[in-house]
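Reader: Could you take me through this model with the structure in view, covering the pockets, a helix, a sheet and a loop?

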Amino acid sequence: MANQNTAQPMIFAHEGPLNGTSWIVGPETIIGRDAVCDIQILDRQVSRSHAKISLEKNGKILLEDLNSKNGVFLNGDRINGTVGLKDGDAIKIALVQELVFVSSDATIPLDVHIQPHEDTNRLYIDQNARRVWIGDDELIPPLSVQQYKLLTFLYNQENTVVSREEIIVNVWGDDASIGVTEQALDALVRRLRARLKKKDPTHSYITTVRGVGFIFENTGFEP
């Protein structure tokens, strides 16, 4: 079931023959080459029934390798049996198709048409719809929850140096921020930079201010 308006968890095809397609995660989603699969990938490297994504009654999302020949990879590592999914996880089916899992907190109504921004900023966030554009191109698949929180916090304080402590509290929350290390923040910043650079390799949006924090610079496109 592809491209429907929902607040449920979703799977986005990121790189591969199905690029640009999305599916709602139902109670059971079968991925494979067979025509009866919910997500069909027409490639001989993909088994007829290759993998399964299950929505458990407790809300957990599970990914299972259905004894495929060429494997199921989660964030670069081949899985064995069943593993849990979390927001932003990258799934690779036999090194043929990359899928991205997006939790219900990060999903957006994909069939609602919203015009992109009309100003000259490179990057624009519609914070009501939780959608991000760079120029006229929307960022698909959506950012993970933490990446979106980080980007929105910096975006709302454009051209202002923001301390690491402020960012950690705003992204992780007061209670959870106590155990967050600077290494965890740096890793999150790297992942966000990589997503933005893939869409716009000509501009660095997030600059490190050594010993202090970060600054977000959203300069405009040339007319």
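Author: The questions and answers below concern a predicted model.

Reader: Which element gives the most residues to the lining of the largest pocket?

Author: The largest pocket, with a volume of about 300 Å³, is lined by 17 residues, and among these His14, Gly88, Val100, Gln147 and Arg195 lie nearest its centre. Two elements give two or more residues to this lining, namely strand 11 (97-102) and helix 3 (182-199). The greatest contribution, amounting to 4 residues, comes from helix 3.

Reader: How do the residues lining the largest pocket divide by class?

Author: The lining of the largest pocket comprises 17 residues in total. Sorted by class, these are 7 nonpolar, 5 polar and 5 charged.

Reader: Which helix gives the most to the lining of the second largest pocket?

Author: The second largest pocket holds about 220 Å³ of space, and its lining includes Asn75, Lys86, Asp87, Val145, Gln146, Gln147, Leu188 and Arg191. At least two lining residues come from each of helix 1 (145-155) and helix 3, while by class the lining has 2 nonpolar, 5 polar and 4 charged residues. With 3 residues, the helix that gives the most is helix 1.

Reader: Which strands stand at the edges of the open sheet of 6 strands?

Author: The sheet pairs its strands in the antiparallel sense, in the order 2-1-11-10-7-8. Each edge strand has a single partner strand, so one of its sides is left without a neighbour in the sheet; these are strand 2 (22-24) and strand 8 (77-78).

Reader: Which residue of strand 11 stands opposite Ala13?

Author: Strand 1 (residues 10-15) and strand 11 form an antiparallel pair over 5 bridges. Within strand 11, the residue standing opposite Ala13 is Leu99.

Reader: Is Val36 buried or exposed?

Author: Val36 sits in the loop between strand 3 (28-32) and strand 4 (39-40), and its C-alpha atom is separated by 9.1 Å from that of Ser49, 13 residues apart along the chain. A residue counts as exposed when its relative accessible area is over 50%. Val36 has a relative accessible area of 71%, and is therefore exposed.

Notes: Residues are numbered from 1 along each chain as its sequence is written. This is a predicted model: local features need pLDDT of at least 70, side-chain atom pairs count only at pLDDT 80 or more; totals for chains, interfaces and linings use all residues. Side-chain values use heavy atoms; hydrogens and water are left out. On a 1 Å grid over the protein atoms alone, a cavity is a set of points where a 1.4 Å probe fits but cannot get out, and a pocket is an open set with protein on both sides within 12 Å along at least five of seven lines; lining residues have an atom within 4 Å of a point. Grid points are joined across faces, edges and corners, and a volume is the space filled by probe spheres set on the points. Ala, Val, Leu, Ile, Met, Phe, Trp, Tyr, Cys and Pro count as nonpolar, Asp, Glu, Lys and Arg as charged, and the others, Gly among them, as polar. Buried means under 20% relative accessible area, exposed over 50%, partly exposed in between (1.4 Å probe, protein chains only). Two strands pair if DSSP finds at least two bridges between them.
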